[in-house]
Amino acid sequence: AHKFIYFEYYGLDTVNIPEVPEEIFMGRLISKGSRDMINSISLKTRKFIGNTSMSPEISILMANQGLCDKNHLVFDCFCGTGSMLIAAGLFGSYVLGSDIDFLMLHARTKPSRISQKVRAKDESVKANMEQYNLSQFYLDVFVGDFATCPLIDSLKFDSIICDRK
């Protein structure tokens, strides 16, 4: 189904507005913006963050570029606190992550928030997914890198997205 909108242009003069429009335009909706997604996953309110947690804007853009979509399988090989996993989950993708840093994956590092002295016991990538009602898309995270990757060769991902060079 197509959605159309009707535009009337009356010129730039805001004092002497004509009775009839100077031009009439028809437009067709080709895409809807999702800017509200950014505020819905704000780092300010996120349960588990680290020094390298990715901004919501960037993670959503990268998930979009990775063509994350419903029922896709997405892997982030440098997932850290899971910013990319959250963004991919917002698009309806099932997510799996890995990181070489055991302490970061399991929230055993020093807290990143100035006011927080000790990490809460329930801080984790999984807790972040639960916070945003995305737990149905969360598969798991594991410690590893491509040199010691425990994934089987026949596993195929729809997208591999990460924020490292």
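Predicted model: local features only at pLDDT ≥ 70, side-chain atom pairs only at ≥ 80, totals over all residues.
Helix H2 itself spans residues 56-65, and its buried members are Pro56, Ser59, Ile60 and Ala63. Seen down the axis of H2, these buried residues fall within an arc of 100°, so they line one face of the helix. After H2 comes leucine 67, and its phi is positive, near 55°.

From the helices, the description can turn to the strands. An open sheet is built from 4 strands, in the order E5-E4-E3-E6, and its pairing is parallel. Strands E5 and E6 (159-160) stand at the edges with a single partner strand each, so one side of each is left without a neighbour in the sheet. In general, the strands of a sheet pair through backbone hydrogen bonds, in either a parallel or an antiparallel way. Strand E3 (residues 73-76) pairs with E6 in the parallel sense, over 2 bridges. Phenylalanine 75 has isoleucine 160, in E6, as its bridge partner. Helix H3 lies across E3, E4 and E5, and runs at about 170° to E4.

What lies between these elements? The largest nonpolar core has 27 residues, and those touching the most other members are Leu85, Val95, Val125, Met129, Val141 and Ile161. At least two residues of this core come from each of H1, H2, H3, helix H4 (102-105), helix H5 (125-131) and E5. The largest share, 5 residues, is supplied by H3. As a general point, nonpolar side chains in soluble globular proteins tend to be buried together.

Aspartate 99 belongs to strand E4 (residues 94-99). Is aspartate 99 buried or exposed? With a relative accessible area of 10%, this residue is buried, because the cut-off for that label is under 20%. A polar atom of the aspartate 99 side chain lies 2.8 Å from the backbone nitrogen of glycine 80. The backbone nitrogen of aspartate 101 lies 2.9 Å from a polar atom of that side chain. When residues up to four places away in sequence are not counted, aspartate 99 touches Cys77, Phe78, Cys79, Gly80, Leu105, Phe142, Val143 and Gly144.

Aspartate 140 lies in strand E5 (residues 138-143). This residue is partly exposed, with a relative accessible area of 40%. Which residues does aspartate 140 contact, leaving aside its neighbours within four places in sequence? They are Val95, Leu96 and Gly97. Aspartate 140 and leucine 96 are 44 residues apart in sequence, yet their C-alpha atoms are 5.3 Å apart in space. The side chain of aspartate 140 is also joined to that of tyrosine 138 by a polar contact of 3.5 Å.

Terms used
Residues numbered from 1 in each chain as written. Heavy atoms only, no water. Buried < 20%, exposed > 50% of the residue type's maximum accessible area, 1.4 Å probe, protein only. Arc of directions from axis to C-beta. Polar contact = N/O pair within 3.5 Å; in protein donor to acceptor, adjacent residues only side chain to side chain. Contact = heavy atoms within 4.5 Å. Core = buried A, V, L, I, M, F, W, Y, C linked by side-chain atoms within 4.5 Å. Pairing = 2+ DSSP bridges. Axes fitted to C-alpha atoms, helices over the stretch in contact; angles between N-to-C directions.
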